[in-house]
Amino acid sequence: FESRKHASPSVKMMLASALLCAPLALAARSGGLARAPPRFGARMMATATATDGSAVPSVTFKTRVRIDSKDPNPFDWKDVSSEDLFKGKRVVLFSLPGAFTPTCSSFQLPGYEAAYEQMKALGIDDVYCLSVNDAFVMRQWGLKQGMAEDMTFGANGFTKVKLLPDGACLFTRGMGMSTLWEKERGFGERSWRYSCVINDMKVEKMFIEGGKVIQEHGPDPYEVSDEKTMLSYLQSVKK
C-alpha cells in the first residue's frame, strides 16, 4: 500500500478499481449476487392481507388543509396519522384503484357520498375514500365529482366523504392490499378494491373484491365493496 504513493495516475486508477471490484467478485463466487433484490413494491406485497380483527397500519398521510390566504391554491401541508383518523372512532373506509377511473367515479364514490348520512345514523363517525394518489389529484377528483368542499380554515377536504391520499402506498401496503397493474393498465402499484369498517384502529369488518388481492388482474370486480353491502352490514349489527 505504501507503494501507491509513488504510483502513476493510471496505476492508482487500476488499484482503486481492483479494490472496489474485489468484494463484488467474492460475493458473486459465493452466490451473493445470484439474483437482483426484489422490487420495493413486490417486497411490501408480502404483507398479510388484513382480515376482521386485524390492526390497521400506523402511517402518516400527507394531506393539504385550507389556510387563510388569498392565494389561488390556499392550502398548506399537514401530516395526519392513522391514529388521528381512526383511534377511538368507528369509521367506514373504502379503497379503490385510482381517482378519475370509471367504476370509482361513476359508482363507488358517488354511492358512498349519497349514503353518507345513512352511515352516520348507523353509528359511523366518518367515511373515507382512499386511493394511491396524491392530495392534489384527490382534491381535483372531488371537485370534478361535484362534492361540497369544506371551506373552513384548517379543514381537510370535503363535507361528507373525505378523500384520503395514500400517495406513497404506505397504508395500502400495510393492509396487504397492494397490487400491480403495470402490464394490464400501466398503473404500477395501486390498491385492490375493498371496503371495511375500522373500529378504534382495528378492522371490524372487511369486504374484499373477489375475496383476495390479485396481481395484474384484467377484470375490475365491484360486487362487495359497494355502499349497499356496507349499509346492509351496518344495519345488521346496529344495536
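What share of the contacts in the protein chain with a separation of 6 or more comes from residues 24 or more positions apart? The share is 69%, where contact means heavy atoms within 4.5 Å.

This is a predicted model, in which local features need pLDDT of at least 70 and side-chain atom pairs count only at pLDDT 80 or more, while totals for chains, interfaces and linings use all residues. Residues are numbered from 1 along each chain as its sequence is written, and side-chain values use heavy atoms, with hydrogens and water left out.

**Whole chain.** Show the protein chain as a cartoon. It has nine helices and nine strands; these are DSSP runs numbered from the N terminus, helices being H or I with at least four residues and strands E with at least two. Of its 239 residues, 42% count as buried. Buried means under 20% relative accessible area, exposed over 50%, and partly exposed in between, with a 1.4 Å probe and protein chains only.

**Aromatic rings.** Select Phe 61, Phe 86, Tyr 128 and Phe 171, which form one aromatic cluster. The whole structure has six aromatic pairs. Rings of Phe, Tyr and Trp (its six-membered ring) pair if their centres lie within 6.5 Å; planes under 30 degrees apart count as stacked, over 60 as edge-to-face and the rest as tilted.

Among the pairs is Phe 86 with Tyr 128, edge-to-face, at 6.0 Å centre to centre and 90° between the planes. This pair links distant parts of the chain: Phe 86 lies in helix H3 (residues 82–86) and Tyr 128 in strand S4 (residues 126–131), 42 residues apart. Both Phe 86 and Tyr 128 are buried.

Now turn to Phe 86 and Phe 171, a tilted pair with 5.9 Å between centres and 50° between the planes. Here too distant parts of the chain are linked, since Phe 171 is in helix H7 (residues 170–174), 85 residues from Phe 86 in helix H3. Phe 86 has a relative accessible area of 0%, and Phe 171 is also at 0%.

**A charge over a ring.** Select Arg 64 and Trp 77. The charged end of Arg 64 sits over the ring of Trp 77, 4.8 Å from its centre; the criterion is NZ of Lys or CZ of Arg within 6 Å of the ring centre and within 35 degrees of the ring normal.

Ser 131 stands opposite Pro 165 in S5.

**Helix H4.** Select residues 102–114 and find Ser 106 in this helix. Ser 106 is partly exposed, at 47% relative accessible area. Gln 145 is 39 residues from Ser 106 in sequence and 9.1 Å away in space, C-alpha to C-alpha.

**Cysteines.** Which cysteine sulfur is closest to that of Cys 104? It is the sulfur of Cys 129, at 7.5 Å, too far for a bond. The structure holds zero disulfides, a disulfide being a pair of cysteine sulfur atoms within 2.5 Å. Cys 104 is buried at 1% relative accessibility, and Cys 169 is buried at 2%.

Methods: Pairing = 2+ DSSP bridges.
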